[in-house]
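The following note was prepared for a colleague who wishes to review the model before using it. Please read the numbered points alongside the sequence and the coordinates.

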Amino acid sequence: MNNIRIIILPFTLILSILLIWFLVKPIYDGSNSLNQSKIPQLENSIQQENDLQQRIEKLSNEGGGTGQQTISDALPENKEVKELIAQLEFIVKKEKMTLTNISVKDNSSIDQSAAGLFGQTGNDYQQIEGDFEVRGNYGQFKLLMKDIRKLTRIVNINQVNVANTTDEGGSAIGKYILNFSTYWQPAITEEQSRTGLENRGPTNPGVVVSPGIPTLPATR
Amino acid sequence: MDIRKGVVVSRTNLIDTKKEFSIPWKGVGVITFLTLALWAGAFAYDTTVRKKVVNLESNVNRIKQGRDYKKIAQVADMEDRLNSIDKILRQRVDWEELLRKIEENTLPEITYSNMETKVVSQNPQGMSPSGTTDAGEEKYQMILKGTAIGLSTLSKQIATFENSKDSNGKKFANEVIIQKIDMKKTDTGEVDKGGALDFTIQVNINPLSVKNDFKNKNE
């Protein structure tokens, strides 16, 4: 009988330890796991959402109006070049040169695999190449290059071919064949934004926020 | 006497046996209390954590439902477009500056017939990791085709390009490579007596000297 009295306390202690190990510990572990993984994820999601909202508000306020128009003019969302050709014709005439030939070759291949700024599928800019031939003297040609630089749509001159020729009156003038590139970029649609953001989970933030948003230069 | 003595001894034994069956209530109670307290604590902690998760999830859903996808698309598009413009402008050569530099550094005996420029980006993304532009990332190459009177004139021309520096000490050409030299021939196939030759040279331009410096242009 004396032996029973001796083992009651250790028995209770062992039973208690077993209860704690098999009943209390799993509850605590489960909660702790939620607390350490799921809650930070959710808090992170909320933080990201708030940051996103603030960022959108800020950019929306900054980029509205003329700024947005300038950006769209410089890099339009469609490949239409009629207006550009008209502008080129205008500046050639302005510099009293003669436009003798113009051709445009579309090299666009839309790649929507680029990661967008807010996790949506982004669009890469597309390039359209062209050539045009003008005739005039070197001074006029230099002024033309200056005018091309100031066009509202971005036009990069890649190559200049120079030759001597004669005008209708028989005077020597320069013949310049210019190879140029202009660009366009498809617009990000509402659907792309929705898909991108909805696929962005707490474990897959998907946010590719540009480290520094470039500002549009005042002039190019 | 022996019998009585035995009875006494027997009674004494009975009393001792009753004492051995008493349970250590205090110890058992403390252990039980601690166990129950731990269980209750874990249960309360679990409930709190789960409530917090539910609250946060409902907050996330509420915020997500308030998204204006149209506005987000507009802003993202504008930002993407700005990044692209930045990349494109970094590919641009300032032709005004380039022509000025070529004029300054060309000998009178040289005539050009073709100029081709190429910007070779060393960073495929076209953007530095910090999102800032860095003039050292691109290589500007110019292929010049033309005519010179004599080989010595051409070598002088190359030396002129290589040694040219602007007022700020910036070199115009980092390197000049001869790609092709052809002695000009007459209609009958003879070498031109005047020593005229056609050449093609590749000039690796210092990007800093002709880079499209839109920040400093006020036109």
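1. Basis of the note. This is a predicted model, in which local features need pLDDT of at least 70 and side-chain atom pairs count only at pLDDT 80 or more, while totals for chains, interfaces and linings use all residues. Residues are numbered from 1 along each chain as its sequence is written, and chains are lettered from A and ligands numbered from 1 in the order in which they are written.

2. Secondary structure. Helices (H or I, at least four residues) and strands (E, at least two) are DSSP runs, numbered from the N terminus. Chain A has five helices and four strands, arranged from the N terminus as α-α-α-β-β-α-β-β-α. Chain B comes to six helices and four strands, and its order along the sequence is α-α-α-α-β-β-α-β-β-α.

3. Burial and contacts by chain. A residue is taken as buried if 20 or more other C-beta atoms lie within 10 Å of its own, exposed if 12 or fewer, and partly exposed in between, with C-beta atoms placed from the backbone. By this criterion 20% of the 220 residues of chain A are buried, and 22% of the 219 residues of chain B are buried. Two residues are in contact if their C-beta atoms, placed from the backbone, lie within 7 Å.

4. Helix α3 of chain A. The expected span of a helix is 1.5 Å times one less than its number of residues. For the 13 residues of α3(A) this gives 18 Å, and the end C-alpha atoms are 18 Å apart, in agreement. Which residues of α3(A) are buried? They are A:Leu84, A:Leu88 and A:Val92. Viewed down the axis of α3(A), the buried residues fall within an arc of 75 degrees (taken over the directions from the helix axis to the C-beta atoms), so they line one face of the helix. Exposed on the other side of α3(A) are A:Lys82, A:Glu83, A:Ala86, A:Lys93 and A:Lys94. The cover over the buried residues of α3(A) includes β1 (98-106), β2 (126-136), α4 and β4 (172-184) of chain A.

5. Helix α4 of chain A. This helix has 12 residues and reaches 17 Å from its first C-alpha to its last, close to the 16 Å expected at 1.5 Å a residue. Buried in α4(A) are A:Gln140, A:Phe141, A:Leu144 and A:Arg149. The buried residues of α4(A) pack against α3, β2 and β4 of chain A, together with α4 (95-104) of chain B.

6. Packing of α3(A) with α4(A). Two packed helices are described by the angle between their axes and the distance between the axes. The axes of α3 (residues 82-94) and α4 (residues 138-149) of chain A come within 9 Å and cross at roughly 145 degrees. Here axes are lines fitted to C-alpha atoms, for helices over the stretch in contact, and angles run from 0 to 180 degrees between N-to-C directions. From α3(A), the residues making the contact are A:Ile91, A:Val92 and A:Lys94; from α4(A), they are A:Leu144, A:Asp147 and A:Ile148. By class, this contact has four nonpolar, no polar and two charged residues. In that classification Ala, Val, Leu, Ile, Met, Phe, Trp, Tyr, Cys and Pro count as nonpolar, Asp, Glu, Lys and Arg as charged, and the others, Gly among them, as polar.

7. A:Lys96. Most residues other than glycine have a negative phi. A:Lys96 has a positive phi of about 60 degrees although it is not a glycine. A:Lys96 lies in the loop between α3 and β1 of chain A and is exposed, with 11 other C-beta atoms within 10 Å.

8. A:Ile154. This residue is in the loop between α4 and β3 (155-166) of chain A. Is A:Ile154 buried or exposed? A:Ile154 counts as buried because it has 23 C-beta neighbours inside 10 Å. A:Ile154 and A:Pro76, 78 residues apart in sequence, are 9.5 Å apart in space, C-alpha to C-alpha.

9. Residues of chain B. B:Pro108 is in the loop between α4 and β1 (111-121) of chain B and is exposed, with 7 other C-beta atoms within 10 Å. B:Lys139 belongs to strand β2 (residues 138-149) of chain B and is partly exposed, with 15 other C-beta atoms within 10 Å.
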